[in-house]
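Have the viewer open while you read.

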Amino acid sequence: MAIKWTIQGCLIYAAMAAYMVAFVSTMWRRRKTGTLVYQAGFVIAAVAFVYRWVHVGHVPMQNLFEVFLTMGMLIYPLSVFSRRRLRVGVEPADMLIGIVLLFPAGFVFDAAPQQLPPALQCFLFAPHVAVYVISYVIMTKATVQAVCQLSCPAGPKDAHLVDYEQAAYRMICLGFPLMTSGLILGSWWGHLAWCDYWGWDPKELWSLASWLVYLGYFHFRYMYGRRHARLNSIWAMAGMAAIIITLLWVNLSRLFGGLHNYAS
């Protein structure tokens, strides 16, 4: 863990600080101030994203530093969309999610620019990674809703918002098609790069495992979940655990070797 004394690092830390101030302001019932600072944090994170793009000369989604930077930027627009279109709240938790997502970019992963390996110099690189990154942020929000459902079954105080179990379901309904698109685009990309739609790479297998967990969530909820809301939430949390393994353990652990090791 090291502090990045660079323009890139300062932008990340400024965005994290803005998210923290927004969280504290919101918890102190200064909602308008919290919203404004939250927006400022998003703007700073977006500037950090664009700065990285210009600096490395390609869409910054190649490695884990860039992936976490991108996810930290995406939390605000997804937070706004979720509340306005899906009636899913808990914005203070989203602010904390933003801090958690930016922390690895700011303190853990190396920010040294890397050239794209030949396999990544494909038009499918950006859309394939982008749909996965967006889906992972959405599923993180779903997990927060699931935790809220387990800890506070009474539901949110705001009558405009749906209850936590329904909120988690709506978020997963939003994220699951993106995960599915990621699998399909990855398979197409694999065929173009290695002449095979499926290579049994560890990252591919765990991506499929994550997808299957959420598919199981839908099946269980349809068959039994309306009577067992708490089990729905546990399913959602299990899906997040599979995503964490896919995103971090597979890339960082020496137990797994494969074509996706560039992500570390």
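Which residues does Gln-145 touch, not counting residues up to four places away in sequence? They are Val-88, Gly-89, Val-90, Tyr-164, Ala-167 and Ala-168, where a contact means heavy atoms within 4.5 Å. Gln-145 itself sits in helix α5, residues 125–151. It counts as buried because its relative accessibility is 2%; buried means under 20% relative accessible area, exposed over 50% and partly exposed in between, with a 1.4 Å probe and protein chains only.

Before going further, a word on where this comes from. This is a predicted model, in which local features need pLDDT of at least 70 and side-chain atom pairs count only at pLDDT 80 or more, while totals for chains, interfaces and linings use all residues. Residues are numbered from 1 along each chain as its sequence is written, and side-chain values use heavy atoms, with hydrogens and water left out.

Now zoom out to the fold. You'll find eight helices and zero strands in the chain; helices (H or I, at least four residues) and strands (E, at least two) are DSSP runs, numbered from the N terminus. Just after α1, Arg-29 takes a positive phi of about 65°.

Further along, look at the loop between α2 (31–56) and α3 (64–86), which is where Pro-60 is placed. With 0% relative accessibility, Pro-60 counts as buried. It touches Phe-49, Arg-52, Trp-53, Glu-66, Val-67 and Thr-70, again leaving out residues up to four places away in sequence. Pro-60 and Ala-126 are 66 residues apart in sequence, yet their C-alpha atoms are 8.8 Å apart in space.

What about the chain as a whole? The C-alpha atoms fill a box of roughly 50 × 45 × 30 Å along the principal axes. Of the 264 residues, 52% count as buried. Among contacts between residues at least 6 apart in sequence, 77% join residues at least 24 apart.
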